[in-house]
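Q: I'm new to this one. Can you walk me through what's in it?
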Amino acid sequence: MRRCIELASKNVGYTYPNPLVGSVIVCDNKIIGEGSHEKYGESHAEVNAINSVKDKGLLKNSTLYVNLEPCNHYGKTPPCTEAIINNNIKKVVIGSQDPNKLVDGSGIEKLRSSGCDVSVGILDKECDELNKRFFTYHKLKRPFIILKWAESKDGFISPIKSINTLKKVNWISGEDAKKLSHKWRSEEHSILVGVQTIIDDDPILTTRFVEGRSPIRFVLDPNSRIPLDSRILSDNVKTTILSKKENKLIPNYTKAIEFDDINLIIKSIYEMNIQSIIIEGGTKTINHFLSNNLWDSIRVFKSDLKIGKGIKGPGVNLDEFTKINLQNDILYELNRMNI
């Protein structure tokens, strides 16, 4: 099962909206096949594991391990339960039950009714952690939410902006922190900032410092203040501007939503089938999520740089956070399981 998790974790960021799944096939205590779901729309882990077995005659005496319940419905690909049954695999070991209403126990029941010996709950906590985004989306009906920012040693996220410094990013953290931030972006389904961040810094919110896909981008812009020459509107990564009404000047970008409550904003993003979102500021936007206790992970880079005067960071007590040293920065991180 640990090998299943290892295989699946290599594909973080590439399988949305599908979960992360790895599968291993064992015969006479030896691994004879393995595979993972590498990309949405392509073959699932169980099928790739079966296809990797050179001698298919061994399958009838083998055990298939998989970190998530095999699917039992037609989507982009046929059900994995059919592949298991058709190849006469008689023993299946499963980590987590799939919370997706299209599965949710039906795969287990199908295998058992077809004569398979099925075990469920092996390393279930580790398997749940692997698919925390997928589980949060299906169980809590919202995306998995990460709050992330960098702040100076004296607690500022940015100096005061002037006309001359608008659209210029003031880097607080070092190179290692930048690369790690972009790696995180590559792992999440989407990223969100407030419109003031766009006005002040003109970011593009991609993963240009690392290899990997860039997340779908959201901008909270209730009063349609986004500058029309913003780089986020000219890049080829998908961007959605969340406003109180459609902005006719930027067609195909704006989605009108309710702004009365941060939960309504998250509900709108959930309804767009977004499974995870990393919130990168600024302070006002992050504080909306903190005050509503709406988060699953908080990640803060604390620099040894002092600004002296500027925009204060979110007021969070870091005493209970884990600490990791990165060059001249310290990463503070706090995670919780809400599922």
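This is a predicted model: local features need pLDDT of at least 70, side-chain atom pairs count only at pLDDT 80 or more; totals for chains, interfaces and linings use all residues.

Q: Okay, how many helices and strands does the protein chain have?
A: The protein chain has 10 helices and 16 strands.

Q: What does the C-alpha trace span along its principal axes?
A: About 70 × 45 × 30 Å.

Q: And what share of the residues count as buried?
A: 53% of the 339 residues.

Q: What about contacts with a separation of 6 or more: what part comes from residues 24 or more positions apart?
A: Such pairs account for 70% of those contacts.

Q: Switching to charges. How many positive and negative ones are there?
A: There are 48 positive and 42 negative charges. Their mean positions are 3 Å apart.

Q: Why would opposite charges pair up at all?
A: Side chains of opposite charge can pair when their charged atoms come close.

Q: How many salt bridges does a search of the whole structure find?
A: It finds 14.

Q: Give me one. What does Arg2 meet in a salt bridge?
A: Arg2 meets Glu126, at 4.0 Å from N to O. Arg2 lies in helix H1 and Glu126 in helix H5, so the pair ties together parts that are 124 residues apart in sequence.

Q: Is Arg2 buried or exposed?
A: Arg2 counts as exposed, at 57% relative accessibility. Glu126 is partly exposed, at 35%.

Q: Which residue does Arg142 pair with?
A: Asp296, with the closest N and O atoms 2.7 Å apart. This pair also links distant parts of the chain, 154 residues apart. Arg142 sits in the loop between H6 and strand S6, and Asp296 in the loop between helix H10 and strand S13.

Q: Are those two buried or exposed?
A: Both Arg142 and Asp296 are buried.

Q: What about Glu129 and Lys132?
A: Their side chains meet in a salt bridge, 3.0 Å from N to O. Glu129 is partly exposed, with a relative accessible area of 35%. Lys132 counts as buried, at 13%.

Q: Which residues make a nonpolar surface patch?
A: Leu140, Met337 and Ile339 make one of about 220 Å².

Q: Where is Leu140?
A: In helix H6, residues 132–140. Leu140 is partly exposed, with a relative accessible area of 33%.

Definitions and conventions: Residues are numbered from 1 along each chain as its sequence is written. Side-chain values use heavy atoms; hydrogens and water are left out. Helices (H or I, at least four residues) and strands (E, at least two) are DSSP runs, numbered from the N terminus. Buried means under 20% relative accessible area, exposed over 50%, partly exposed in between (1.4 Å probe, protein chains only). Contact means heavy atoms within 4.5 Å. Lys and Arg count as positive and Asp and Glu as negative; His and the chain ends are not counted. The place of a charge is taken as NZ of Lys, CZ of Arg, CG of Asp or CD of Glu. Patches are made of residues with over 30% relative accessible area and no salt bridge: like charges are joined within 9 Å, nonpolar side chains (Val, Leu, Ile, Met, Phe, Trp, Tyr) within 5 Å. Accessible areas come from the Shrake-Rupley method with a 1.4 Å probe; for residues, only the protein chains shown count as cover.
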